[in-house]
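Trainee: I would like to learn how to read a structure like this one. Where do we begin?

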Amino acid sequence: MPPPPESRYADGGGVRYHYHDLGAGPDTVFLHGGGPGCTAWSDFGPVAPLFAAGRRCLLVDIQQYGKSEKTPISGPMWDHHAAKTAALLDTLGVERADFVCNSWGGTIALNLAAKYPDRVRALVVTGSMPVFHGPLAPLPEGGRRGRNARDLYYGGEGPTREKMRRLITRLEWYDGDRLPAETVDLRYEQSLDPGERELAASSDSPRGDWQDLTEELGRVRAPTLFLWGMHDAFLTPDYPLMLARMVPNGNLYVMDHVSHHPQEERPHAFHSVVDGFLDSLGPAIVPPLVRTEVRP
């Protein structure tokens, strides 16, 4: 894991977002997952430099994560995140972008593409759960495996480095023996953030109301690649096959020997597949480079 680039801050509809801005070329937004201690850099740091060789990479900490604002969310959660992300694009001067997303971030991007279609050229979605049903088998733990894991991590004696290592190796990585100590440390230290601990301890649904996006998926016109781990611990590959058929321009690629975070476990393979998919859509318009930031 390389050291993170300079921190930048910008407003998105009244929410103060933290992000990294690296590389030059077509605007490409990376949205991370929702596990304890996840940030844009923890989820995409290993692969970001590969994309930055030919793209402008905007790695955004989702609201309530990383160094972004930790304010509670009320109302439909995915509608909230989509609206705030669109507002962030306005601030950053990004008219239209490709999105590369993991888990929670992918659900946000799918809803963004449905509600704000002019803002999304293409989507790459890994390990996301935008609908509450599966085609062949019940969803593990009724689709609540992530929330149950969060409760377990923050419960009892509270967060520990060993609990973080067990969480990642059980649910996010196929080969836990290859999990870098730096990744565990980065996630563990971020999970101790007072704002994140307060959200985890809250009993009044501070993350907003859960939404099923079945109807929205049919309105996604952007070409979409569902890139899935063969051994994803949350959702087996039959689930993204269903999603790829629900999205009008959906595609599916299943990667071997990875679980929920293929972009970390096999960054070069992940980059090769994603870059090939995005390039196959034709050249994206490269806007003049404008780097906007707000200092603390």
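Mentor: Begin with burial. A residue counts as buried when its relative accessible area is under 20%, and as exposed when that area is over 50%. Partly exposed covers what lies in between. Keep in mind that this is a predicted model.

Trainee: Is Phe277 buried or exposed?

Mentor: Phe277 has a relative accessible area of 11%, so Phe277 is buried. The residue sits in helix α12.

Trainee: Which residues is Phe277 in contact with, leaving aside neighbours within four places in sequence?

Mentor: Phe277 is in contact with Leu123, Val124, Pro223, Thr224, Leu225 and Asn251. For a sense of distance, take Arg96. Phe277 and Arg96 are 181 residues apart along the chain, and their C-alpha atoms are separated by 17 Å.

Trainee: Now a residue with another reading. Where does Thr214 lie?

Mentor: Thr214 lies in helix α9, which spans residues 214-217. With a relative accessible area of 31%, Thr214 is partly exposed. Neighbours within four places aside, Thr214 is in contact with Pro130, Val131, His133 and Met246. Asp27 is 187 residues from Thr214 in sequence, and the two are 28 Å apart in space, C-alpha to C-alpha.

Trainee: Step back to the whole chain. How many helices and strands are there?

Mentor: The chain has 12 helices and 10 strands. Buried residues make up 55% of the 296 residues.

Trainee: What does the radius of gyration tell us?

Mentor: Compare the value with the one for a compact globule. With 296 residues, such a globule would have a radius of gyration near 19 Å. The chain has 17 Å, which agrees. The C-alpha atoms fill a box of roughly 50 × 50 × 40 Å, taken along the principal axes.

Trainee: Next, charge. How many positive and negative side chains does the chain have?

Mentor: There are 30 positive and 38 negative side chains. The centres of the two sets lie 1 Å apart.

Trainee: How do I read charge pairs?

Mentor: Start from the general idea. Side chains of opposite charge can pair when their charged atoms come close. The structure holds 17 salt bridges.

Trainee: Which side chain meets Arg55 in a salt bridge?

Mentor: The partner of Arg55 is Asp275, at 3.8 Å from N to O. This pair links distant parts of the chain. Arg55 is in the loop between α2 (48-52) and β4 (56-60), while Asp275 is in helix α12 (residues 267-280). The two are 220 residues apart.

Trainee: Are both partners buried, or is one partly exposed?

Mentor: Arg55 is buried, at 4% relative accessible area. Asp275 is partly exposed, at 22%.

Trainee: Which residue forms a salt bridge with Arg165?

Mentor: Glu162 does, with the closest N and O atoms 2.6 Å apart. Both are in helix α6 (residues 161-171). They are 3 residues apart there, so about one helical turn separates them. Glu162 is partly exposed at 35% relative accessibility, and Arg165 is partly exposed at 32%.

Trainee: How far apart are the closest N and O atoms of Arg166 and Glu162?

Mentor: They are 3.8 Å apart, in a salt bridge. Arg166 and Glu162 are 4 residues apart in helix α6, so they too are separated by about one helical turn. Arg166 counts as partly exposed, at 43% relative accessibility.

Key
Residues are numbered from 1 along each chain as its sequence is written. This is a predicted model: local features need pLDDT of at least 70, side-chain atom pairs count only at pLDDT 80 or more; totals for chains, interfaces and linings use all residues. Side-chain values use heavy atoms; hydrogens and water are left out. The radius of gyration is taken over C-alpha atoms; the globule rule is 2.2 Å times the number of residues to the power 0.38. Buried means under 20% relative accessible area, exposed over 50%, partly exposed in between (1.4 Å probe, protein chains only). Lys and Arg count as positive and Asp and Glu as negative; His and the chain ends are not counted. The place of a charge is taken as NZ of Lys, CZ of Arg, CG of Asp or CD of Glu. A salt bridge is a side-chain nitrogen of Lys or Arg within 4 Å of a carboxyl oxygen of Asp or Glu. Contact means heavy atoms within 4.5 Å.
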